[in-house]
Amino acid sequence: MIVLQDITKTFNEGADNEYTAIHGVDLKIDADRVTVLRGPSGSGKTTLLTLIGGLARPSSGRIHVNGREVTSLPERFLTHMRREVFGFVFQSFNLIHGLSVLENVMIPAYPLGGPGRELNARAVELLETLRIAHKAGTEVQYLSGGEAQRVAIARALINDPPILVADEPTANLDTALSLEFLDIVRELRGRGKTVVMTSHDPMIWQADLVDAVVAMRDGRIVDSGVDPGGEGTA
Ligand SMILES: Nc1ncnc2c1ncn2[C@@H]1O[C@H](COP(=O)(O)OP(=O)(O)O)[C@@H](O)[C@H]1O
Ligand SMILES: [Mg+2]
C-alpha cells in the first residue's frame, strides 16, 4: 500500500516563478491493484507520480510505501528503492542513444549484478511479449515513438519490480498496442503487482482491469473513486 499524507509540491520555491503543482493531497493506493490518475493536462498527474516513485521529494507531507516512510530517507536509500521497488515508464526517461534496444532494456539490471545469460534471456522475452524483439539489435534513436515506448515498458519490467509506475504509457501507442499494454498490466496484476499510471486515455481508465480511478484537477484530487467506467467524463 502507498499512502500519501497532505502532500504538497512547490516548484522554484521562493523565486518569482514559484508554482505549487500539488496542494495537500491525501491518497491511499492499494497494493496488488491497478490505479489510474486521470485529469486534464497540467493537473499534476506527472508530478504526483514522480513523488510516488521517489523521483522527487514533496515540499511537505509524508509518503509511505509498503509501511515504510520514504519522504525522509537519505538519498542512497531512495536510490535503492527506485531500483528495487519501482519500475518506471516516463517520457522524460529517455532511452540511451547509441545503445541497442536490448542494451537499453538491460541497463536497470546491471547494478543488481544478475547473471548475464539469464538477464539476456529475460530481456529478449520481454521484448517478445511487447512485439519488439525483431528490433533488439537496433540502436534506439532509430525507433518510432511507439517502438521506443514499448522498449521503455520492457526496461521498466526487467527487474520484475513489485510496483510499476507509468506516465501516459499509451501516449504513443495505437489501439492494438494499447490493448496489448493493458494485457501486460492485467498479467502483472495477476502476479500481485501494484500498478500506478497516469492517463487521459479513456481506453485506459475505463478498462475493466483498472481497480481505481483517481481524478485530479488543479493539483488536487477531486475524486478518488474506485468505480471506473461510471460517469465517463474526461
Ligand atoms: N519542474 C517544474 N518546474 C515548474 N513547474 C512545473 C515543473 N513540473 C511541472 N510543473 C507545473 O506543474 C503543473 C502540473 O504539471 P504536471 O504534473 O506535468 O501535469 P500533468 O501531468 O497532469 O499534465 C503544470 O502547471 C506544470 O507546468
Ligand atoms: Mg503529465
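The legends below describe an overall view and several close-up views of a predicted model. Residues are numbered from 1 along each chain as its sequence is written, and chains are lettered from A, with ligands numbered from 1, in the order in which they are written. Local features need pLDDT of at least 70 and side-chain atom pairs count only at pLDDT 80 or more, while totals for chains, interfaces and linings use all residues; side-chain values use heavy atoms, with hydrogens and water left out.

**Overall view. The protein contains seven helices and ten strands.** Helices (H or I, at least four residues) and strands (E, at least two) are DSSP runs, numbered from the N terminus. The C-alpha trace spans about 45 × 40 × 35 Å along its principal axes. Of the 234 residues, 47% count as buried, where buried means under 20% relative accessible area, exposed over 50% and partly exposed in between (1.4 Å probe, protein chains only). Of the contacts (heavy atoms within 4.5 Å) with a separation of 6 or more, 67% are between residues 24 or more positions apart.

The accessible surface of the protein is about 11,200 Å². Carbon and sulfur atoms hold 48% of this surface; areas come from the Shrake-Rupley method with a 1.4 Å probe, and for residues only the protein chains shown count as cover. There are 23 positive and 30 negative side chains, and the centres of the two sets lie 4 Å apart. Lys and Arg count as positive and Asp and Glu as negative, with His and the chain ends not counted. Each charge is placed at NZ of Lys, CZ of Arg, CG of Asp or CD of Glu.

**Close-up of Thr-71. Thr-71 lies in the loop between β5 (68-69) and α2 (75-84).** Its relative accessibility is 17%, so Thr-71 counts as buried. Beyond residues up to four places away in sequence, Thr-71 touches Arg-57, Pro-58, Gly-61, Arg-62 and Ile-63. The side chain of Thr-71 reaches the backbone nitrogen of Ile-63 at 3.1 Å.

**Close-up of Thr-50. Thr-50 is part of helix α1 (residues 45-52).** Thr-50 is buried, at 17% relative accessibility. Apart from neighbours within four places in sequence, Thr-50 is in contact with Leu-55, Ala-56 and Phe-90.

**Close-up of Gly-44. Gly-44 sits in the loop between β3 (34-38) and α1.** With a relative accessible area of 10%, Gly-44 is buried. Ala-21, Ile-22 and Met-216 touch Gly-44, when residues up to four places away in sequence are not counted. Thr-198 is 154 residues from Gly-44 along the chain, and their C-alpha atoms are separated by 9.9 Å.

Arg-131 has a positive phi of about 55 degrees although it is not a glycine. Arg-131 is in the loop between α4 (116-129) and α5 (145-157) and counts as exposed at 53% relative accessibility. Asp-160, also a residue other than glycine, has a positive phi near 50 degrees. Asp-160 is found in the loop between α5 and β7 (163-167) and counts as partly exposed at 38% relative accessibility.

Methods
A polar contact is a pair of N or O atoms within 3.5 Å; within protein, one must be able to donate a hydrogen and the other to accept it, and residues adjacent in sequence count only if both atoms are side-chain atoms.
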